[in-house]
Amino acid sequence: MADIKFEITEQIAVLSESSKGWTKELNLISWNGREPKYDIRDWAPNHEKMGKGVTLTEEEFAKLKSALLK
């Protein structure tokens with residue numbers, strides 16, 4: 001299996017932190033050199049490991065934001 005390359009281009013918010021130091025974060029991430037997308041997922045300290053998450057395009061993020069502000 002090929003390695004997944006990522007770059008956190010903007011750290012937006014830490015939403016929560018577990019007792020083991022993992023954080024649930026909202027970030028802009030470029031996956032494999034592509035255009036950055038909004039991403040919500042769990043991260044180990046120093047971002048050395050990640051959990052499953054949700055990645056959203058700019059349009060999807062705007063719709064989510066609008067729905068949450070209603």
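The exercises below concern a predicted model of one protein chain.

**Exercise 1.** State how many helices and strands the protein chain has, and in which order they come.

Solution. Start with the count: the chain holds one helix and four strands. Then read along the sequence, where the pattern is β-β-β-β-α.

**Exercise 2.** Describe the extent and the surface of the protein chain.

Solution. Take the C-alpha atoms: along the principal axes they fill a box of roughly 35 × 30 × 20 Å. Next, the accessible surface comes to about 5500 Å², and carbon and sulfur atoms own 53% of it. Finally, of the 70 residues, 23% are buried.

**Exercise 3.** Locate N32 and decide whether it is buried, partly exposed or exposed.

Solution. N32 sits in the loop that joins β2 (23–31) to β3 (37–43). Its phi is positive, about 50 degrees, although N32 is not a glycine. For the exposure, buried means under 20% relative accessible area and exposed means over 50%. N32 has 41% relative accessibility, so it counts as partly exposed.

**Exercise 4.** Count the charged side chains and say how far apart the centres of the two sets lie.

Solution. There are 11 positive and 12 negative side chains. The centres of these two sets are 6 Å apart.

Notes. Residues numbered from 1 in each chain as written. Predicted model: local features only at pLDDT ≥ 70, side-chain atom pairs only at ≥ 80, totals over all residues. Heavy atoms only, no water. Helix = DSSP H or I, 4+ residues; strand = E, 2+ residues; numbered from the N terminus. Buried < 20%, exposed > 50% of the residue type's maximum accessible area, 1.4 Å probe, protein only. Areas by Shrake-Rupley, 256 points an atom, 1.4 Å probe, with all protein chains shown as cover. Lys, Arg positive; Asp, Glu negative; His and termini not counted. Charge placed at Lys NZ, Arg CZ, Asp CG, Glu CD.
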